[in-house]
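Please look over the sequence and the structure shown here, and then read the briefing that follows.

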Amino acid sequence: MILFKAAMTVRTRFAPSPTGFLHIGGARTALFSWAYARRHGGTFILRVEDTDVARSTPEAVQAILDGMRWLGLEHDEGPFYQMQRMERYKAVVAQMLAAGSAYHCYTAPEELDHLREDQRARGEKPRYDGRWRPEPGKTLPEPPAGVAPVVRFRNPLDGVVAWDDQVKGRIEFANAELDDLIIARADGTPTYNFCVVVDDWDMGITHVIRGDDHVNNTPRQINILHALGAPVPLYAHLSMILGDDGQKLSKRHGAVSVTQYDEDGYLPEAVINYLGRLGWSHGDEEIFSREQFVEWFGLDHITPSAAQFNTEKLNWLNQHYIKHAADAYLASEVARRLAWRRIDTESGPALERVVTLYKDRVVNLNELADTVEPFFVEIHASAEMLGTHLTADARTALTALRSRLAEVEWQKPALSAAIKETCAALGIKMPQVAIPLRVALLGQPQSPSIDAVLEVMGRTAVLARLDRYL
RNA sequence: GUCCCUAUCGUCUAGAGGCCUAGGACAAUACCCUUUCACGGUAUGAACCGGGGUUCGAAUCCCCGUGGGGACGCCA
C-alpha cells in the first residue's frame with residue numbers, strides 16, 4: 001500500500017506570547033509539541049504571538065529563545081512573528097467580510113461594558129448580543145459617524161461544535177453559548193483567536209498541542225476554520241502545572257524562568273525528564289533520556305488533570321543525572337559556575353578528578369561547585385571548627401602523619417596505608433586522624449574517602465595546608 | 001452566575017470490567033553498609049472524593065452531588 005507521506009507529515013508548533021520568560025508550564029507544552037513532531041519525523045515550528053504590542057518585548061522573545069535552547073528544543077521552522085504577517089491577516093479579514101462570514105460592529109467599548117454588567121446582574125453569561133449582526137430581513141442601525149468599527153466573526157447560531165480532544169476526549173460546545181467574537185480591532189489589527197486560525201492554517205499545522213486554558217477558544221477557532229473552508233487540525237489540550245504548594249503558578253507566585261533552573265544548578269537532562277514525566281507516563285518508567293522520551297512519547301497516556309510540581313522529585317532526577325554524567329561535562333559545568341564566583345580552576349588539581357570525587361554526593365551543580373571550591377582557593381576552618389577538631393591530640397596525630405606523607409608514594413593505596421600505620425603507631429582510631437585532617441585540608445569535617453582527597457589534592461598542597469596548623 | 005474540564009497513597013503516576021490483597025517512583029520512617037558525611041541496599045507505613053445505578057463482577061462504564069481548575073476582553 002502506498003501512503004502519501006507528505007500529506008501525513010506531522011507539523012506541530014509552539015506559540016508563546018513574548019510578554020515574559022519561558023516558564024515551566026510553557027516549557028512542558030513546548031517539550032510535548034517538539035517530542036510529538038520528532039517522534040513522527042515531523043516538523044516543529046516556533047511562532048511568536050506578539051500582536052499584543054503593549055506587552056510584548058524583544059527581551060521576552062530572547063528569554064524564550066534562550067529557554068528553548070537550554071532545554072535543547074530546536075525548532076525546524078521559524079521563529080515566525082505575527083506582527084510581520086499583518087498583510088495576510090488583513091487580506092483574510094477582507095475576504096471574510098466580502099463572503100459575509102464577518103461583519104462590522106460599531107458598538108463602543110463602554111456600551112459593551114454596560115451590556116456585560118447587565119447580563120451578569122441577570123445571572124447570564126456575558127456575551128455580545130449581535131446588535132450589528134446582519135440577518136435576512138433585519139434592519140441594522142445607522143453606523144455612527146466618526147466611529148471606526150471592529151470586525152466580528154459571524155458565529156453559527158445553533159448546532160454544536162465538537163472535536164475529539166487527543167487528551168480529554170470528545171468535547172462539545174453549543175453554538176448558542178458562543179458569541180460573535182472580534183477578529184479585528186478598531187485600528188485594523190487582528191486579534192489572537194483569528195491570527196491563530198490563519199497561522200495554523202497557513203503553516204499546515206496538523207496537531208495543536210497547547211495549554212488547557214485554550215479549550216474555550218477551540219470551538220470558536222474551529223468555526224472560523226469552517227468559515228474559511230480550512231482543514232481542522234487535531235487538538236490536544238494539556239492540563240496546567242500547579243506550584244509545589246498546589247497553588248496556581250503565576251508571575252506573582254512561584255513561576256520562574258526555565259533558565260533559572262540552570263542558575264540553580266539543574267541539568268537540562270533532569271528538567272526534561274522531570275517535565276516529560278509530569279502529566280505523561282510510559283508504564284512505570286521514571287528515568288529516560290530525551291531520545292528515549294521521543295521514542296515513547298504519544299498523545300495517549302497524557303493525564304487530563306492538573307499536576308503539582310514537585311521539587312523533591314526534580315532534585316532526585318538531577319542527582320541521578322549528575323551521578324551518571326561524564327566527568328568532563330560536569331567539570332565544564334562546574335568551571336562555569338566557579339567562574340561566576342571569579343574562581344580560577346586552571347591552576348590546582350585537575351577539575352575533572354575533583355568532580356569525580358564528589359559527583360555522587362550532591363543533588364545539584366551549585367552544590368558540586370561548593371564542595372569543589374576548597375580545592376582551588378585557600379580556605380580556613382572557622383575558629384570553632386578548629387577548637388573542636390584540632391585538639392592537641394589531633395595535632396600530634398597530624399604531625400606524625402605529616403612525616404609519613406612527606407615521603408610516601410602519592411597513590412591511594414600507599415596514602416591509605418600511611419594513615420592506618422599512623423593510627424596503629426599512636427593507638428588511635430581512623431576518625432581521630434581523618435577528621436582533623438579533613439578540617440585542616442578542606443575546612444570541614446566531612447569529605448569523600450580521605451585517601452582519595454589526598455591523592456587528588458596533591459602532596460604540595462596537602463603539606464602546605466597541614467603546615468598552617470602544625 | 002453561565003459554560004467547559006477534572007478527581008487513585010503527602011506528591012507524580014500504573015490501571016482500558018475480573019490479572020487489584022490496588023503496582024511503581026519521589027518524599028517519610030527503620031535497619032544495613034561505612035574512616036566522617038553522603039551514595040547505595042533492604043524493609044515499613046500511606047490512596048481508588050461521596051451517593052446512586054448498569055453488571056454475575058466496577059478504581060475502571062452511566063447519572064447526581066461535592067471538591068479543584070479553566071473560560072466568559074477591541075489579552076494571548
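A disulfide is a pair of cysteine sulfur atoms within 2.5 Å. This is a predicted model, in which local features need pLDDT of at least 70 and side-chain atom pairs count only at pLDDT 80 or more, while totals for chains, interfaces and linings use all residues. Residues are numbered from 1 along each chain as its sequence is written, chains are lettered from A and ligands numbered from 1 in the order in which they are written, and side-chain values use heavy atoms, with hydrogens and water left out.

**Cysteines**
- The structure holds 0 disulfides, and the sulfur of cysteine 195 has its closest cysteine sulfur in cysteine 105, which at 19 Å is too far for a bond.
- Cysteine 105, at 1% relative accessibility, counts as buried, as does cysteine 195 at 0%, where buried means under 20% relative accessible area, computed with a 1.4 Å probe on protein chains only.

- Sugar or phosphate accounts for 67% of the atoms of RNA strand B within 4 Å of the protein, and the rest belong to bases.

**Individual atom pairs**
- An N or O atom in the side chain of lysine 168 is 2.7 Å from a sugar or linking oxygen of RNA strand B.
- For lysine 248, a side-chain N or O atom is 3.2 Å from a phosphate oxygen of RNA strand B, whereas a polar backbone atom of proline 445 is 3.5 Å from a base oxygen.

Technical notes. A residue is near a molecule or strand if one of its heavy atoms lies within 4 Å of it. A polar contact is a pair of N or O atoms within 3.5 Å; within protein, one must be able to donate a hydrogen and the other to accept it, and residues adjacent in sequence count only if both atoms are side-chain atoms. Buried means under 20% relative accessible area, exposed over 50%, partly exposed in between (1.4 Å probe, protein chains only).
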